[in-house]
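Good morning, and thank you for coming.

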Amino acid sequence: MSQHRHQSQSRVISSSPVDTTSVGFCPTFKKFKRKDDECRAFVKKVIMSRFFKIIMISTVTSNGFFMALWTSYEIRYRLFRLLELSEIFFVSICTSELSMKLYVDPINYWKNGYNMLDVIIIIIMLLPYTVRELMGRQFSYVHIADGMQSLRILKLIGYSRGIRTLIIAVGQTVYTVASVLLLLFLLMYIFAILGFCLFGSADKGDHDNWGNLAAAFFTLFSLATVDGWTDLQKQLDNREFALSRAFTIIFILLASFIFLNMFVGVMIMHTEDSIKKFERELMLERQVTLMGEKQVILQRQQEEISRLMHIQENADCKSFSELVENFKKTLHHTDPMVLDDFGTSLPFIDIYFSTLDYQDTTVHKLQELYYEIVHVLGLMLEDLPQEKPQSLEKVDEK
């Protein structure tokens, strides 16, 4: 048994060289620990700060504005130095951001899709300079590299949760939208073949719009978007095709009113789901933040109470009421008192205030009802016959 166990162990160890390498590599890898934890924490705090995000958003927005000015040749020649300085500033800010994020976490940085988008944008920014240095300024395709600079504005996606939510919604609709587009393509294929056979004849057919399959597809796309379909139909009517109107109406009903509206409906449904999910995540984040603040407040109050109790043990001259007063002085005006009673919860307070409002409304209505009752009773008393005094009655009898 011992020999068999020894053989099995040796077999396992010999059959897994990767495991043996990892076992020997892990202790060696643990020795290479970074000794700049404080600096990394500081840089991470700077990157995650609201001020840094505002700077990046302002930089990207201003660069987009300068790119819009760059499209005018007159402004480009007048403000050449300003545009050049803004370009250098933008490239410097983006490369600094990339360096800071890589310094904080060089491994997990590449696992985030938005970080990969930033890297691609930086490569695109450096592309025109590289092309001009390698191929020369007269290279025929350098204008394509200049036109790709418009993708810089996509850096705003990483700093806007709302845009990221919409992108997630679009990503979730890929399979459904692909199915709808496939059905639309099949419909257009059927009607393209049918339109070519009906209206693309060699004798008197419409060769510009229905002469081949590619032209028929382009014509059907115009009909699906209801863009200039009356002009297309007029050309068919001039050639006196009998089934042209029925063909056009049926295709527009199917393609435009059904498939395109189905496409829009799918996008709207997934967008609403993503927005609801985004709102739930915000609520959870707020609750987590509140819980963290409560824990900090509780911890500080407990430390203060323990310190006061320790002072009371060492100083017999002070009473507990004096210690409580000293503890109250340590509280800030913004510190809420964290209690576990039901009466201190926000839902209870909301219901309580609503109940008070209902009570005030009820009391006001009762007062109005009492006033009306008193007014009616006063009118009834005025209508009743008044009794004469006895002295006046005797005078009348005489």
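I shall start with a network of salt bridges that links Glu97, Lys101, Asp118 and Lys155. A salt bridge here is a side-chain nitrogen of Lys or Arg within 4 Å of a carboxyl oxygen of Asp or Glu. By that rule the count comes to ten salt bridges.

A word on the source: this is a predicted model, in which local features need pLDDT of at least 70 and side-chain atom pairs count only at pLDDT 80 or more, while totals for chains, interfaces and linings use all residues. Residues are numbered from 1 along each chain as its sequence is written, and side-chain values use heavy atoms, with hydrogens and water left out.

The side chains of Glu97 and Lys155 meet at 3.1 Å, N to O. This pair links distant parts of the chain, 58 residues apart: Glu97 is in helix H6 (residues 80–104), and Lys155 is in the loop between H8 and helix H9 (161–172). Helices (H or I, at least four residues) and strands (E, at least two) are DSSP runs, numbered from the N terminus. Asp118 and Lys155 form a salt bridge at 3.4 Å, N to O. Asp118 lies in helix H7 (residues 113–135) and Lys101 in helix H6, and these two side chains meet at 4.0 Å, N to O.

Are these residues buried or exposed? Glu97 counts as buried because its relative accessible area is 3%, buried meaning under 20%, exposed over 50% and partly exposed in between (1.4 Å probe, protein chains only). Lys155 is buried as well, with a relative accessible area of 1%, and Asp118 is buried at 8%. Lys101 is also buried.

I turn now to the nonpolar core. The largest such core has 20 residues, of which Trp210, Leu220 and Phe251 touch the most other members. A nonpolar core is a set of buried Ala, Val, Leu, Ile, Met, Phe, Trp, Tyr and Cys residues joined through side-chain atoms within 4.5 Å. Which element gives the most to this core? Helix H10 does, with six residues. Trp210 touches residues including Phe191, Phe196, Leu236 and Phe247, not counting residues up to four places away in sequence; contact means heavy atoms within 4.5 Å.

H10 (residues 174–199) also gives the most to a nonpolar patch, with seven residues. That surface patch is formed by Leu182, Leu183, Phe185, Leu186, Tyr189, Ile190, Ile193 and Leu213, with about 730 Å² of accessible area together. Patches are made of residues with over 30% relative accessible area and no salt bridge: like charges are joined within 9 Å, nonpolar side chains (Val, Leu, Ile, Met, Phe, Trp, Tyr) within 5 Å. Accessible areas come from the Shrake-Rupley method with a 1.4 Å probe, and for residues only the protein chains shown count as cover.

Finally, the whole protein: 17 helices and zero strands, with 22% of its 398 residues counted as buried.
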